[in-house]
Amino acid sequence: MDGMVNECENRFLPPEDYDKKGRQKRVRGRMLKPLLKYEFRYLLLPVLIASGALIALSVLLFALGFSVNIVPDPDTFLSYWLPAFILFIYGALFTMAFPVILSIVRYNKNFFKQEGYLTFSIPATAEEHFLAKRISAVCCMLIASVAALLAIALAVSSVFALAGGLEEWQIIMGEVGTLAGYDPFLTVESVLLSIIGTASTFSVCGAFSCWVHRGVKPWMIVLLVVGVYALGVIGETAFLFMLDEEFLMNFTLTPALMHIVNWVSIVLEIGVIVLLSWFEIHTLKKKINLK
Amino acid sequence: MQPLIECRNLSKRYKDVYALDGVNLTIPDTGGIVGLLGPNGSGKTTLIKILMGLLTPTDGTAKILGREIGVETKSIASYLSDFNALNGGYKVKDQLDYYGDFFLDFNREKAEKMLKELGIGLDRKIKTLSKGTKEKLALILTLSRNARVYFLDEPIAGVDPAAREYVLSTILNNRSQNSTIFLSTHLISEIEQYFDWVIFLKEGRVVLEGNAENIRQAEGKTIDALFREVFRWMVW
């Protein structure tokens, strides 16, 4: 009993930071919460502004689309609509890339530059730092993606307005709705895959930053990524060559096959995330060397 | 009683250069001020950074109150870097919020009182503050924690004599009770009288360590005089 009292007295952290066996918890709500607060404080507002601007641009484009019936000829219409549409496409691409760029800048600045001295002075575990960065980045990416999808939907409506009114658009949306309703599992898998794919993108970026911090030259990492990609393409091509020609000619993508492809992709993506996350956490825990 | 700081064969190598080379230290947990003394490049900052978990040693171990460097030691150690690591985009009050959110031992009232005495407004953006004011803000934040150990890396280097007086009085009057201040410096004369324990570092090695008063008596000279003798021929 005395031993237990002494053990508790020797603890530097609050009791809730230890599990039943007396070991320190790797993830604590009381630390993850403020970490997330500061991550969102940095990322959220710029992402919301960019997303809002894109949606505003798509509304403008949508409204412009209807002016086709007012202007005297199609050339006049295209002279202002086309530049606006091209600008919108660039805007959509930027909005999708923006959270990734912001997160990479934040990751490096907050961990490996001067701010890192304060970041790694706080009593947070490597897992807590890692989770805060990843959760906030994925959430912001999803917000930007949803905004971009909405904006693209509106802008495409405008294109259909050009082709003769809203009827075409209603037909397309009806098709999408039917597809989603036809196989809801496929829809769920696709959404899951896109979220996991987003997390995987940030894992690659995080691992890249950690490699650079550990002294690996960036060009070596680029070479490695290109090498792995090239090996994948070569492997796929070789696989296709090995298949029977008749089989390829008669091949159809059945729903069952699509499920298999989705789940194989999900498992592979999760594998990549687990591997890279382990590397990141290991670096944050054991290999920090601030200059 | 656990020693406050215990280093065993602690080394840090950068390519072929040893910033720390087999450092062995045992500093008792008796409170007071520990002077980490040595010329520029002797390994003072490296040692503090390892003790704060900002650098990974190449070899050896470091412990604070018997704990490996980690979350537990960071919860009882307050650190002032030798440069401004605060977020320039924050307002002063945001930085207070930050400390309050992450350090359970942060005393916000104490920090606000000290800031008020200096006339630093809570709504000022940190990047608009002068270099000297930023340094004072960082010092106030560091000392407003009720920590067991404070690591202050060159707090009086590069500041004018008036500011130096403020920094020293703030350090001496605001640390928490029974705590230890681990202070690195190469400017010894003004602070020598407050040292309880001293460590001389030379080219990454401990050349002298012990109770300041015992060293003064044994050597028959002040710590400042001894320092000048030990490091006379070194290029600063």
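Does Lys15(B) count as buried or exposed? With 5 C-beta neighbours inside 10 Å, Lys15(B) counts as exposed; a residue is buried if 20 or more other C-beta atoms lie within 10 Å of its own, exposed if 12 or fewer, and partly exposed in between, the C-beta atoms being placed from the backbone.

The model is a predicted one, in which local features need pLDDT of at least 70 and side-chain atom pairs count only at pLDDT 80 or more, while totals for chains, interfaces and linings use all residues. Residues are numbered from 1 along each chain as its sequence is written, and chains are lettered from A and ligands numbered from 1 in the order in which they are written.

**Confidence in chain A**

- The pLDDT, which is the predictor's confidence in each residue on a scale from 0 to 100, averages 86 over chain A, and 89% of the residues score at least 70.
- Within chain A, confidence is lowest in helix H1 (residues 2–9), at a mean of 48, and highest in H4(A), at 95; helices (H or I, at least four residues) and strands (E, at least two) are DSSP runs numbered from the N terminus.
- Residues 1–6 of chain A have a pLDDT below 50, and this stretch makes zero contacts in the model beyond near neighbours in sequence; two residues are in contact if their C-beta atoms, placed from the backbone, lie within 7 Å.

**Domains of chain A**

- Chain A is divided into domain 1 (25–181) and domain 2 (183–291), with bounds that come from an automatic or database domain assignment.
- The C-alpha centres of domain 1 and domain 2 of chain A are 23 Å apart, and the contact takes 20 residues from domain 1 and 18 residues from domain 2.
- On the side of domain 1 of chain A that touches domain 2 of chain A, two or more residues come from each of helix H3 (74–112), helix H4 (116–119), helix H5 (126–162) and helix H6 (167–182) of chain A.
- H5(A) gives the most to that side of domain 1, with nine residues.
- The residues on that side of domain 1 divide into 13 nonpolar, five polar and two charged; Ala, Val, Leu, Ile, Met, Phe, Trp, Tyr, Cys and Pro count as nonpolar, Asp, Glu, Lys and Arg as charged, and the others, Gly among them, as polar.

- Helix H8 (residues 218–242) of chain A has 25 residues, which at 1.5 Å a residue should span 36 Å, and its end C-alpha atoms are 36 Å apart, which agrees; the expected span is 1.5 Å times one less than the number of residues.
- The number of buried residues in H8(A) is zero, so H8(A) lies largely in the open.
- In H10(A), the residues Glu269(A), Leu276(A), Ser277(A), Glu280(A), Thr283(A) and Leu284(A) are buried.

**Contact between the chains**

- In the contact between the chains, 20 residues of chain B meet 20 residues of chain A.
- Helix H2 (71–76) and helix H3 (92–102) of chain B each supply at least two residues of the side of chain B that touches chain A, and the largest share, five residues, comes from H2(B).
- By class, this side of chain B has 11 nonpolar, five polar and four charged residues.

**Nonpolar cores**

- The largest nonpolar core has 81 residues, and those with the most contacts inside it are Val34(B), Leu51(B), Phe151(B) and Ile199(B); such a core is a set of buried Ala, Val, Leu, Ile, Met, Phe, Trp, Tyr and Cys residues joined through C-beta atoms within 7 Å.
- Helix H5 (residues 131–143) of chain B gives the most to this core, with six residues.
- Not counting residues up to four places away in sequence, Leu51(B) touches Ile5(B), Ala62(B), Ile64(B), Ile69(B) and Phe151(B).
- A second, separate core of 21 residues includes Leu43(A), Ala137(A), Met141(A) and Ala144(A).

- Glu6(B) is found in strand S1 of chain B and is partly exposed, with 17 other C-beta atoms within 10 Å.
- Leaving aside neighbours within four places in sequence, Glu6(B) is in contact with Leu25(B), Thr26(B) and Lys63(B).
- Asn9(B) lies in strand S1 (residues 5–14) of chain B and has a positive phi of about 50 degrees although it is not a glycine.
- Lys15(B) lies in the loop between S1 and strand S2 (17–27) of chain B, and its phi is near 55 degrees, a positive value in a residue other than glycine.
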